Amino acid sequence: MAETIKLEVTRYAPERHQAPTSQSFEVPYRKDWVVLDALNYIKDNLDGSLSYRWSCRMGICGSCGMMVNGEPKLTCATFLSKYAPGPVRVEPLRYFPVVRDLIIEMTDFMAKLRSVKPWIIREEEKPLSEGEYLQTPEQLDTYKQFSMCINCMLCYAACPVYGLDPLFSGPAAIALAQRYNLDSRDQGAEERMGILSQHAGIWGCTFVGECTRVCPKHVDPAGAIQQYKLTAAKEWFKSLLMPWGAK
Amino acid sequence: MAKKPIEPFLWGLFSAGGVVAALLIPVHLFLFGLAFPLGWLTPPGYESLRALASHPLARIYLFVLCSFSLFHWAHRFRYTLYDGLQIKHLNEVITVFCYGGALAGTAAAGYLLWGLR
């Protein structure tokens, strides 16, 4: 018989179950399989009712984030061999409500993302005939790292502050706000400051740094937040020393 | 003018204190905790060290070193109590204890340094 590995997968259907339970599956152990391959094997061969999100299976879409042995991971980029001989515990992303099995409810994240206005804001759009907004490679470099975010929410599942205070804007939303603040084409930094410099914005962060550690795209949200704290603190002292400049 | 949030100010002290504590305190610890007692460097005499510490610039330096480090501690310890022990409901007590402690320490440092002759 071929080698197998045990997966312990969280099952939960809120309309039928009191609480989430764990179900074990034996799946073939292959060195080139990621956790998502094992889940697909279960769905195709063992239990078609298993529910989970996935799409691109190549670390671009950000759908397949789950807790693997207690750590937030993209299951498409997490090899079974890392956990051999097993068992591998697969659970839905921490701190989010569960819709079913491994599928989390992301409305809260979507609302937070929207609240920081992660798009280019212009005081006035120039007419199309004047062409594109040009940018030098240096200007691109200032925000490029933060633009790599794929909204996979692993950083939220890693953030103990988000776990304790659900009002906290959270790592990805702040990093994405900073992505646009640093964009030379953007003029919305002041609009965003009102949201970001609240307690539930940047000041909620206690610089645990787990968000940066688990980020599969090396966005460094913790760095973005500290950077923004410095900006906001500077603004604060500036408006203290020069109150006539305050808006 | 709208009421200013206090958090940027506290964070400013925290962050300045972090820099001071991380960069300067190890130097003091190395000199007075290791290098002088173990004889790696010849320790300055009591009188000359006292004269050095009495210089106005040295006093300002020591005051900033003590005060900022204490405010760094206050902010960090406040969140350690909030999140680590999960006693956020004691918000007022914790805030008074932490920042009050830092203020008291700052006052004590100021008093001692002021009286240094």
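In this predicted model, helix H6 (residues 171-181) of chain A packs against helix H7 (residues 189-196) of chain A. Their axes lie 10 Å apart, and the angle is about 160°. Angles over 145 degrees count as roughly antiparallel, so H6(A) is roughly antiparallel to H7(A). The crossing of the two helices, H6(A) and H7(A), is left-handed.

Which residues make the contact? From H6(A) come Ile174(A), Ala177(A) and Asn181(A). H7(A) supplies Ala189(A), Arg192(A) and Leu196(A). By class, the contact of H6(A) with H7(A) holds four nonpolar residues, one polar and one charged.

| Helix | Residues | Contact residues |
|---|---|---|
| H6(A) | 171-181 | Ile174(A), Ala177(A), Asn181(A) |
| H7(A) | 189-196 | Ala189(A), Arg192(A), Leu196(A) |

**Chain A as a whole**

H6(A) and H7(A) belong to a chain of 247 residues. Chain A has nine helices and seven strands. Its C-alpha trace spans about 75 × 40 × 30 Å along the principal axes. Of the residues in chain A, 38% are buried. How do its contacts run along the sequence? Take the contacts in chain A between residues at least 6 apart in sequence: 66% of them join residues at least 24 apart.

**One residue in helix H2**

Phe109(A) sits in helix H2 of chain A, which covers residues 107-115. Is Phe109(A) buried or exposed? Phe109(A) has 20 other C-beta atoms within 10 Å, so it is buried; the cut-off for a buried residue is 20 or more. Leaving aside residues up to four places away in sequence, Phe109(A) touches Met153(A) and Tyr156(A). Thr75(A) is 34 residues from Phe109(A) in sequence. In space, Phe109(A) and Thr75(A) are 20 Å apart, C-alpha to C-alpha.

**Where chain B meets chain A**

Chain A also has a partner. Nine residues of chain B are in contact with 13 residues of chain A. Which elements of chain B give two or more residues to this side? They are helix H1 (7-23) and helix H4 (56-84) of chain B. H1(B) gives the most, with five residues. By class, the side of chain B that touches chain A has five nonpolar residues, one polar and three charged.

Definitions and conventions:
Residues numbered from 1 in each chain as written. Chains lettered and ligands numbered in written order. Predicted model: local features only at pLDDT ≥ 70, side-chain atom pairs only at ≥ 80, totals over all residues. Contact = placed C-beta atoms within 7 Å. Helix = DSSP H or I, 4+ residues; strand = E, 2+ residues; numbered from the N terminus. Nonpolar A, V, L, I, M, F, W, Y, C, P; charged D, E, K, R; others polar. Buried ≥ 20, exposed ≤ 12 C-beta atoms within 10 Å, placed from the backbone. Axes fitted to C-alpha atoms, helices over the stretch in contact; angles between N-to-C directions. Parallel < 35°, antiparallel > 145°, perpendicular 65-115°, else oblique. Left-handed = near helix turned anticlockwise from the far one by under 90°.
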